[in-house]
Amino acid sequence: IQPLQEGHARADERESGGGALSRVRVKLENCHGIHQLSAQFDFGSSRAVAIYAPNGMMKTSFARTFADLAKDQPSADRMFPDRPSSREITDETGAE
């Protein structure tokens with residue numbers, strides 16, 4: 001699964017402008033059915049990133065994991081609750 005976006009320049013190759021969010025790094029393991037995902041989303045050239053994938057390919061699980069973060073709740077795998085979950089979602093400064 002690849003994030004789709006406009007432009008191809010990496011955020012660290014451009015000057016940061018206006019304090020706006022430019023990059024989000026995501027590392028997930030056993031979160032709502034996502035076995036493992038490591039990705040970087042670049043917002044340097046646009047304000048949105050589209051994730052396109054067939055049905056059943058983790059889009060809802062990805063959204064649920066971000067909802068957990070927004071609610072300050074830990075993420076877990078509901079299908080396999082005994083598996084340890086790990087969630088790292090950080091901006092370009094390393095802040096969650």
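The side chains of histidine 32 and aspartate 68 are joined by a polar contact of 2.7 Å. A polar contact here is a pair of N or O atoms within 3.5 Å; within protein, one must be able to donate a hydrogen and the other to accept it, and residues adjacent in sequence count only if both atoms are side-chain atoms. The model is predicted, so to speak of local features takes a pLDDT of at least 70 and side-chain atom pairs count only at pLDDT 80 or more, while totals for chains, interfaces and linings use all residues. Residues are numbered from 1 along each chain as its sequence is written, and side-chain values use heavy atoms, with hydrogens and water left out.

Histidine 32 is found in the loop between β2 and β3. Helices (H or I, at least four residues) and strands (E, at least two) are DSSP runs, numbered from the N terminus. With a relative accessibility of 15%, histidine 32 counts as buried; the cut-offs are under 20% relative accessible area for buried, over 50% for exposed, and partly exposed in between (1.4 Å probe, protein chains only). Leaving out residues up to four places away in sequence, histidine 32 touches Ser61, Arg64, Thr65, Asp68, Ala76, Asp77 and Arg78, contact meaning heavy atoms within 4.5 Å.

Arginine 23 stands opposite aspartate 42 in β3. The two strands form a hairpin with two residues between them, and histidine 32 in the turn has a positive phi of about 55 degrees.

Now for the nonpolar side. The largest nonpolar core has eleven residues in all, among them Val24, Val26, Phe41, Phe62 and Ile89. Such a core is a set of buried Ala, Val, Leu, Ile, Met, Phe, Trp, Tyr and Cys residues joined through side-chain atoms within 4.5 Å. The elements giving two or more residues to this core are β2 and β3.

Two aromatic pairs turn up in a search of the whole structure. Rings of Phe, Tyr and Trp (its six-membered ring) pair if their centres lie within 6.5 Å; planes under 30 degrees apart count as stacked, over 60 as edge-to-face and the rest as tilted. Phenylalanine 41 and phenylalanine 62 have ring centres 5.8 Å apart and planes at 55 degrees, so this pair is tilted. Since phenylalanine 41 lies in strand β3 and phenylalanine 62 in helix α1, the pair ties together parts that are 21 residues apart in sequence. The rings of phenylalanine 62 and phenylalanine 66 are also tilted, with centres 5.0 Å apart and planes at 50 degrees. Phenylalanine 62 is buried at 10% relative accessible area, whereas phenylalanine 66, at 29%, is partly exposed. Ring pairs link Phe41, Phe62 and Phe66 into a cluster.

The C-alpha atoms of arginine 87 and proline 74 are separated by 8.1 Å, at 13 residues apart along the chain.

Definitions and conventions: Two strands pair if DSSP finds at least two bridges between them.
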